[in-house]
Amino acid sequence: MSSLLRVQGRIGQRTLLLTTAAVPLTGWAVHAVALHKQLAATRKDPLTGLLRRDAYTARARRLLSRHGDDTTVVMVDHDHFKAVNDTFGHAAGDAVLAATAARLTAWAGPHAAVGRLGGDEFAVVLELPADRLEQRLAQLVRMLRTPVVLEDDRTVDVAASVGAATPHAVGARDLTVVQRAADAALYDGKHSGRAIVASPAHTTVPSTNGRRAGRPGTAAWGRAA
């Protein structure tokens with residue numbers, strides 16, 4: 001009987017040691033998860049959930065490097081967005097931005113880089129072969145023209161201008177060059193209701209930080225401008 005008690009005692013001690021050892025490991029695991037969430041939050045725009053500029057840029061460059069000429073850079077800018085805020089209020093403007101982010105994410109797919117560059121300006125880099133480019137861009141324009149229904153059931157008519165560029169068309173794989181060309185193409189077709197694909201001439205448009213020089217808009221984060 002005493003031998004059985006001693007064996008049970010040893011088993012109990014081992015169980016206690018294992019349980020005690022697991023506590024700090026569990027604590028570190030919880031801490032690691034929390035840290036990961038904090039780091040992820042710094043990469044995401046709080047309003048739309050899309051990548052912020054730096055995180056978007058890093059992912060976009062990786063995609064360009066990996067997929068080369070099968071990659072397309074797409075720039076998106078809302079048409080008459082200030083009128084949405086003025087007519088419906090900033091909460092409605094935020095809802096429109098969130099809806100745009102959801103539509104871009106759905107259109108581009110899980111492997112793309114989708115970012116909010118500021119205000120009502122967005123960028124996407126995705127693997128998109130040239131033979132599907134025109135069809136897919138037309139699909140995107142239609143998606144972005146779908147009215148947004150607010151929580152109070154009001155409907156907001158929306159539209160966005162779209163510019164695209166491919167490394168093959170502009171003769172470069174550098175993100176700054178390709179994105180500048182896509183941005184210039186966007187403004188060539190502003191309010192036209194169709195996507196414009198950049199030509200080599202769009203790479204010569206003066207730019208600041210990869211964006212068309214003198215372009216209107218804001219780089220403010222958070223609430224809609």
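**Overview.** I count seven helices and nine strands in the protein; these are DSSP runs numbered from the N terminus, helices being H or I with at least four residues and strands E with at least two. This is a predicted model, where local features need pLDDT of at least 70, side-chain atom pairs count only at pLDDT 80 or more, and totals for chains, interfaces and linings use all residues. Residues are numbered from 1 along each chain as its sequence is written, and side-chain values use heavy atoms, with hydrogens and water left out.

I looked up burial next: 41% of the 225 residues count as buried (under 20% relative accessible area, with exposed over 50% and partly exposed in between, using a 1.4 Å probe and protein chains only).

**The sheet.** In what order do the five strands of the open sheet run? I read β2-β3-β1-β6-β7, with mixed pairing (two strands pair if DSSP finds at least two bridges between them). At the edges I find β2 and β7 (196-197), each with a single partner strand, so one side of each has no neighbour in the sheet.

**Strand β3.** I checked residues 121-127, and six of the seven are buried, so β3 is largely enclosed by the rest of the structure. Strand β1 (residues 71-78) runs antiparallel to β3 and is joined to it by seven bridges. Here I noted that T72 has L126 as its bridge partner, and M75 has A123. Strand β2 (residues 113-118) is also antiparallel to β3, with five bridges; A113 stands opposite V125. In the β2-β3 hairpin, two residues lie between the strands, and G119 takes a positive phi near 55 degrees.

**Helices on the strands.** I see helix α2 (residues 53-67) lying across β1, β2 and β3, at about 140 degrees to β2 (axes are lines fitted to C-alpha atoms, for helices over the stretch in contact, and angles run from 0 to 180 degrees between N-to-C directions).

**α3 and α4.** How do the axes of helix α3 (residues 81-88) and helix α4 (residues 90-108) cross? They come within 6 Å and cross at roughly 140 degrees. The pair is therefore oblique (under 35 degrees is roughly parallel, over 145 roughly antiparallel, 65 to 115 roughly perpendicular, and the rest oblique). I listed the contact residues (heavy atoms within 4.5 Å): F81, V84, N85 and F88 of α3, with H90, A92, G93, V96 and L97 of α4.
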